[in-house]
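Here is a short note for a colleague opening this entry for the first time. Please keep the model on screen while reading the points below.

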Amino acid sequence: MAKAPRSKKTAPKSPAEDSEFALHSLQDAFEQDSRFKASKEQLLDFYKQMLLIRRFEERAGQLYGLGLIGGFCHLYIGQEAVAIGLQSALDGDKDSVITGYRDHGHMLAYGIDPKVIMAELTGREAGISKGKGGSMHMFSTEHKFYGGHGIVGAQVSLGGGLALAHQYNDDGGFCLAYFGDGAANQGQVYETMNMAALWKLPIVFVVENNQYAMGTAVGRSSAETEFHRRGTAFRIPGMDVNGMDVLEVRQAAEIAFKHVREGKGPVLMECNTYRYRGHSMSDPAKYRTREEVQDIREHKDPIEAIKKVLLENGSTEDELKAIDKEIRKTVTEAADFAESSPEPEPGELYTDVLVGEY
């Protein structure tokens with residue numbers, strides 16, 4: 001028996017039938033004006049924040065080598081423009097952030113004290129998660145930062161829940177949910193995208209495509225390597241962004257965040273970036289050549305790029321060297337604080353297991 005066609009009169013209106021919906025509208029708007037027009041003060045702030053992440057992560061790598069950081073440690077060196085470009089455009093009182101286990105940079109981008117982050121890395125009582133989370137499980141409800149998650153792709157569906165909470169509470173905020181190119185092939189990512197599109201949840205999905213899912217190049221692991229297209233099946237507009245340019249990332253954030261705040265549903269943003277170190281500190285990264293890494297460092301480094309813009313806008317080499325010196329001092333103080341802080345008391349193992357007392 002032939003199946004009766006669905007009545008257009010009773011069927012809900014889909015985005016494909018909506019004349020005002022254009023899947024490429026955000027990318028088109030972005031390409032017309034792809035660089036954020038930052039003031040000199042903003043440029044300096046971007047430079048300081050990215051340099052803080054760089055110097056902090058370099059020191060974290062040293063502490064790991066000395067055995068002061070245990071377990072896994074995934075550094076953010078090379079990807080600084082993504083976290084700073086996006087999170088500088090957030091409303092800290094309303095918006096939430098969730099990410100995977102390469103999370104130190106995202107916490108620093110919030111302006112959280114480097115001392116409590118370094119103390120967490122070294123498993124100390126003064127750490128932001130009381131030394132119980134370590135490198136992979138940073139957390140701060142005060143800043144609406146919900147992790148730091150070790151399970152690949154798990155943060156995306158949790159981000160969908162955060163977005164639903166924003167919508168339910170009508171608080172005007174949205175969720176910024178980061179994941180990597182490796183997590184992009186996880187099933188829960190697409191389940192979340194489907195629900196987010198159906199319910200027009202306020203969420204921006206951000207693929208930090210650093211080109212290697214652990215040790216596998218994206219071309220070997222993904223049939224579709226243009227990750228911003230992955231939302232097409234769910235009618236989610238995508239954006240393709242140069243994640244090595246903080247001004248491009250910030251401009252993309254302006255466009256995407258406005259779309260979501262207006263109640264138009266989710267956005268999928270791909271930030272093409274690069275990590276200079278291995279997947280984690282235990283990864284020798286033999287799957288790529290030194291020449292490849294050096295080429296990126298010399299020609300596409302996000303900090304050198306913003307430094308060049310600053311010099312063109314009147315800053316001097318001496319001014320920028322003074323900033324670097326001050327940031328190195330801040331990072332040294334953070335490391336010293338962490339090393340001198342006590343470890344948690346044994347009884348701390350039994351706290352924060354459940355919400356409330358038991």
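1. Is strand β2 (residues 175-180) mostly covered or mostly open? Mostly covered: five of the six residues in β2 are buried. Keep in mind that this is a predicted model.

2. Look next at the partners of β2. On one side of the pairing list is strand β1 (residues 96-98), which runs parallel to β2 and is joined to it by three bridges. Ser96 stands opposite Cys175 in this pairing.

3. The other partner to check is strand β3 (residues 203-209). Six bridges join β3 to β2, and these two strands also run parallel. Here Phe179 faces Val207 as its opposite residue. Between the two strands, the chain passes through helix α7 (residues 187-199). This β-α-β crossover is right-handed.

4. Which residues touch the most other members of the largest nonpolar core? They are Leu86, Leu176, Met239 and Phe257, in a core of 73 residues. Helix α2 (residues 40-65) supplies the largest share of this core, with 10 residues.

5. Beyond its neighbours within four places in sequence, Leu86 is in contact with Leu176, Tyr178, Val206, Val249, Ala253, Phe257 and Met269.

6. Now turn to Lys307, in helix α11 (residues 302-312). Why does Lys307 count as buried? Its relative accessible area is 18%, and the cut-off for buried is under 20%. Leaving out residues up to four places away in sequence, Lys307 touches Tyr47, Glu317 and Leu320.

7. On annotation, the UniProt record places "domain: Dehydrogenase E1 component" at residues 49-346, in an unreviewed entry. In the model, this span is 45% helix and 10% strand. The C-alpha atoms at its ends lie 36 Å apart.

8. Finally, confidence. The mean pLDDT of the chain is 92, and 93% of its residues reach 70 or more. Residues 4-11 need caution: pLDDT stays under 50 there. For that stretch, the model has two contacts beyond four places in sequence.

Note on methods. Residues numbered from 1 in each chain as written. Predicted model: local features only at pLDDT ≥ 70, side-chain atom pairs only at ≥ 80, totals over all residues. Heavy atoms only, no water. Buried < 20%, exposed > 50% of the residue type's maximum accessible area, 1.4 Å probe, protein only. Helix = DSSP H or I, 4+ residues; strand = E, 2+ residues; numbered from the N terminus. Pairing = 2+ DSSP bridges. Right-handed = clockwise from strand over helix to strand, strands pointing away. UniProt positions renumbered as here; feature names shortened; annotations may be inferred. Core = buried A, V, L, I, M, F, W, Y, C linked by side-chain atoms within 4.5 Å. Contact = heavy atoms within 4.5 Å. pLDDT = per-residue confidence, 0-100.
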